Amino acid sequence: SGCGEDLLKAALVIQNWYRGYSARLKARQRYALTIFQSIEYADEQGQLQLSNFFSFMLENYTQIHKKDPELLARLFGSTLQDYKDRQDYVSHIDVPDSYHGPRLQFPLTFTDIDLLVEAFKQQQILHAHYVLEVLFETKKVLKQMPNFTHVKTSPSKELTICGKFQSRAAKLIFRSNGLPSGSNTYIFNGDFVDRGKHSIEILMILFVSFLVYPNDLHLNRGNHEDFMMNLRYGFTKEILHKYKIHGKKILQILEDVYTWLPIGTIIDSEILVIHGGISESTDLNLLHRIERNKMKSVLMSPIPLNEDHNNDLKKNKINTTIIPREVKTNGSLSEQLTKHEWEQVIDILWSDPRGKRGCYPNTSRGGGCYFGPDITSKVLNKYQLKMLIRSHECKPEGYEICHDGKVVTVFSASNYYEEGSNRGAYIKLCSGMNLRFFQYQVTKATCLRPLYQRVNTIESSAIRILKERMISRKTDLIHAFQLQDRSKSGKLPMGQWAFSMENVLGLNLPWRSLSPHLVTTDKSGNINYMSSFEDIHIQKPLKSGWSDGAQSTLIETLYRYRSDLQIIFNIIDSDHSGLISMEEFRAMWKLFNSHYSIHIDDFQIDDLAERMDLNKDGSIDFNEFLKAFYVVHKLDNVNKSDSKLA
């Protein structure tokens, strides 16, 4: 009896220990995901704010360069003014006999889907001729579709809903759930591209399946079906890498195809499926009527039609700037949405649900809004709907239910931030049945490793990118620390350090819990704030006669804004040669310097331009130059697993 009681007590002790251990691991994983998500949203906010600079640029750059119509059309004009003839693209691209990839036959059939899937498994690339044919055919069908696709289910026919998609998730879903077909209906809820190496393959499978089964495969536009987002998040680079000769043509047509994607799906007149969310002003009647093809990019607000010629630039809903009336484009002003229509589309592509009541600006992303359970009930009741299914946010379990079961988030890309960071999921439903959720984790390597190893990997990766964000703001952080450190001791209390970190970085992170990974502390708990930068620095590709302080400031600035600068110069580089002239570089950098209030002297800019012109031919390979800026982590090989986030 006594022995049995001892065994029971021991079992309870072990059980309680394990529960606590698991809870601590889950907390560490949750904090790591918070870091990933906060930095992702900060990057999106930066992307949205880029349009401020484009407005400023067009006012100044085009005056210097006698108004560059191609650049204006690229940013603000209607798409494909000069290239709408399909034959101008396709007929001049021959498929040589030496091409051994898949050959599509139009009109397409289900055998072409199988052909593509098998070819992509073998790492084959679809010839540009067929890519363009598929894009033109897709656009032709999409143009006949309404803004919202209305879908009916039945007890005998299930419908599968997928959120954000990546190539590995696609393979798993299609393997376990079957390819799209007349008896296997899908809704893909936006974000088919970016953040993966095989976005064009996924897009081709989706578009070919859509062309074969247009009534059984439904595509909604996401916030990444946007050429400006593709410039930052990788899809543009992928296209130009895989299609070096015809990549520009593919990108031009894709921009047009994006604008024709439906913006939502309504299932059984009860369930609204959109990528982002809603706001208190969401008007589904208006959204059914708008000319969706006029929304080229959410980053480019409409040119105001009724403003005075000399009006100052005005701020709009996503903190971007409206282009002044005097800036002309190749398209007419009637070929754009009104500002109110534009904001309606922004809300459904960018908004996120929150537990707090009301509707307020989405400060994390910089676009759309946060909407509470009262807003959900109000909008759903107004249009006699029962549920909202959306994507747009990574969830640890692949899905999340909130707002009393009225809002469901489904996110189909597992391992989104890092191996093991999150599960993916998709939804199956049929008439009269509850939603069924199917979860998965893609890689075998992840599944075989114990939980603590997976958490260590996720945590290390999260801390790594957080330190890179910190080193990009090193000067600002040191200034903030020193303002608090009145005794010049090099140390701060935890509260003051955490306040300074948040005030500069604005990531809304639990800095106290993260501090063991970022800084050292003394016996009194005070933080040695310079220890933040002891194990990390930005590699300096330049050698010059400047002072260390001046060069460090420039290097830090270039590293911090490298993504923005790459987008800007890629837009200027209209022929995608990767080269820009010295004159263009100097003019654009000085504008960037002025607009972002960066304190870099003109002589440093001129010297930088001279040093970037490596072969002295008057041109700069800007993309290659930016690759030279990277962060060196001195302690990458040091095991820090003893430091826990919770």
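1. Tyr360 is partly exposed, with a relative accessible area of 22%. Buried means under 20% relative accessible area, exposed over 50%, and partly exposed in between (1.4 Å probe, protein chains only). The charged end of Lys356 sits over the ring of Tyr360, 4.7 Å from its centre. That label requires NZ of Lys or CZ of Arg within 6 Å of the ring centre and within 35 degrees of the ring normal. Arg562 likewise lies over the face of Tyr559, at 3.8 Å from the ring centre.

2. This is a predicted model: local features need pLDDT of at least 70, side-chain atom pairs count only at pLDDT 80 or more, and totals for chains, interfaces and linings use all residues. Residues are numbered from 1 along each chain as its sequence is written, and side-chain values use heavy atoms, leaving out hydrogens and water.

3. Now the aromatic pairs. Rings of Phe, Tyr and Trp (its six-membered ring) pair if their centres lie within 6.5 Å; planes under 30 degrees apart count as stacked, over 60 as edge-to-face and the rest as tilted. By this rule there are 15 aromatic pairs. One of them, Tyr186 with Phe188, is stacked: 5.1 Å centre to centre, 5° between the planes. Tyr186 is buried at 0% relative accessibility. Phe188 is buried too, at 1%.

4. Tyr360 and Tyr370 form a tilted pair, 5.5 Å centre to centre with 55° between the planes. Tyr370 is buried, with a relative accessible area of 7%.

5. One aromatic cluster consists of Phe36, Phe411, Tyr416 and Tyr417.
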